[in-house]
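Have a look at the fold below before reading on. Keep the sequence beside you as you go.

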Amino acid sequence: MFIKICGLFRDEDIDFINEARPKYAGFVFSKSPRQVSTALAQYLRFRIADGIIPVGVFVNAPIAMITELYHNGIISIAQLHGNEDESYITQLKRLSVTKVRQTRIPEIKVIKTLIPSMPEWKKQIPASADYILLDSGAGSGKAFNWESLKSVKFAKPWFLAGGINIKNIKQAMELNPFAVDVSSGAETDGIKDHKKILDLAAAVKGKNK
């Protein structure tokens, strides 16, 4: 099981994750208190320790924007929170394949976000997505009814998000997601908290032992 710490926008945030070593680090490019510009994301991304995978979070973003960030090495995965459908993801993957300095860049990996409280959400899983992420709603910071997932069999690796914090992360891990995704639960007063990040990462690593 892995952990993703999302919503990084300060030098200190990078210092914290470099110490905690989550599998994934998230930069939010959509409207949010944690939103980063391309320039800031580039600066922060290249301070991230080797082995931590940078993920870009988008809501109905132009495909060209995502592919540019990918080709410039700022993100390795696109996490989509809007109305992006099968056609959008297929096009994004196709356009992400290119050559840079004679090196072939493979197609981008995609995490597609779904909201289990929405009707027939299981039918909305795009075949071309590499992962799915289950959330209560973009940026809500609240947990949904996780019990509803216990009987669901997923064909793709899945992330659990929405209101995860140090108090309930053990409950989240009992569902055996591929990864847990934490943002506000790793903060105090809207700012990433060093101790919370370390404690959350340690909890997940402890699960893997």
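The model is a predicted one. Its eight strands E1-E2-E3-E4-E7-E8-E9-E10 form a closed barrel with parallel pairing. From one strand to the next, the twist averages 25°.

Take strand E1, residues 2–6, to begin with. Three bridges connect E1 to E2, and the two strands run parallel. Lys4 has Tyr24 of E2 as its bridge partner.

Strand E2 covers residues 24–28. Is E2 mostly covered or mostly open? It is mostly covered: five of its five residues are buried. Tyr24, Gly26 and Val28 point one way from the strand. Ala25 and Phe27 point the other way. Residues on both sides are buried.

Now move to strand E3, residues 53–58, and strand E4, residues 77–80. These two also run parallel, joined by four bridges. Val55 stands opposite Ile77 of E4.

Helix H4 lies across E4 and strand E7, which spans 109–114. H4 runs at about 160° to E7.

## Two helix pairs

Two packed helices are described by the angle between their axes and the distance between the axes. The table gives both values for two pairs.

| Helix pair | Residues | Axes come within | Crossing angle |
|---|---|---|---|
| H3 and H4 | 63–71 and 86–96 | 10 Å | roughly 40° |
| H1 and H6 | 11–20 and 194–208 | 9 Å | roughly 25° |

How do H3 and H4 lie to each other? Their axes cross at roughly 40°, so the two helices are oblique to each other. The crossing is right-handed. On the H3 side, the contact uses Ile63, Ile66, Thr67, Tyr70 and His71. On the H4 side, the residues are Tyr88, Gln91, Leu92, Leu95 and Ser96. By class, the contact of H3 with H4 has six nonpolar, four polar and no charged residues.

H1 and H6 cross at roughly 25°. An angle under 35 degrees counts as roughly parallel, so H1 and H6 are roughly parallel to each other. The crossing of H1 and H6 is right-handed. Phe16, Glu19 and Ala20 of H1 make the contact with H6. The residues on H6 are His194, Ile197, Leu198, Ala201 and Lys205. The contact of H1 with H6 divides into five nonpolar, one polar and two charged residues.

Most residues other than glycine have a negative phi. Here are two with a positive value.

Asn60 is not a glycine, yet its phi is positive, about 50°. Where is Asn60? It lies in the loop between E3 and H3. Asn60 is partly exposed, with a relative accessible area of 42%.

Asp189 also has a positive phi, near 55°, and is a residue other than glycine. It is found in the loop between strand E11, 187–188, and strand E12, 191–192. Is Asp189 buried or exposed? Asp189 is exposed, because its relative accessible area of 79% is over the 50% cut-off.

## Two buried loop residues

Pro177 sits in the loop between helix H5, 169–173, and strand E10, 179–182. Its relative accessible area is 4%, so Pro177 is buried. Which residues does Pro177 contact, leaving aside its neighbours within four places in sequence? They are Met1, Trp158, Leu160 and Ala172. Pro177 and Ala161 are 16 residues apart in sequence. In space, they are 10.0 Å apart, C-alpha to C-alpha.

Arg34 is in the loop between E2 and helix H2, 38–45. Arg34 counts as buried because its relative accessibility is 17%, and the cut-off for buried is under 20%. Not counting residues up to four places away in sequence, Arg34 touches Gly7, Phe9, Val28, Ser183, Ser184, Glu187 and Lys192. One of these, Val28, is a residue that points from E2 on the side of Tyr24 and Gly26. Arg34 and Leu8 are 26 residues apart in sequence. Their C-alpha atoms are 6.9 Å apart in space.

Terms used:
Residues are numbered from 1 along each chain as its sequence is written. This is a predicted model: local features need pLDDT of at least 70, side-chain atom pairs count only at pLDDT 80 or more; totals for chains, interfaces and linings use all residues. Side-chain values use heavy atoms; hydrogens and water are left out. Axes are lines fitted to C-alpha atoms, for helices over the stretch in contact, and angles run from 0 to 180 degrees between N-to-C directions. Angles under 35 degrees count as roughly parallel, over 145 as roughly antiparallel, 65 to 115 as roughly perpendicular and the rest as oblique. A crossing is left-handed if the near helix is turned anticlockwise from the far one by less than a right angle, and right-handed if clockwise. Contact means heavy atoms within 4.5 Å. Ala, Val, Leu, Ile, Met, Phe, Trp, Tyr, Cys and Pro count as nonpolar, Asp, Glu, Lys and Arg as charged, and the others, Gly among them, as polar. Buried means under 20% relative accessible area, exposed over 50%, partly exposed in between (1.4 Å probe, protein chains only). Two strands pair if DSSP finds at least two bridges between them.
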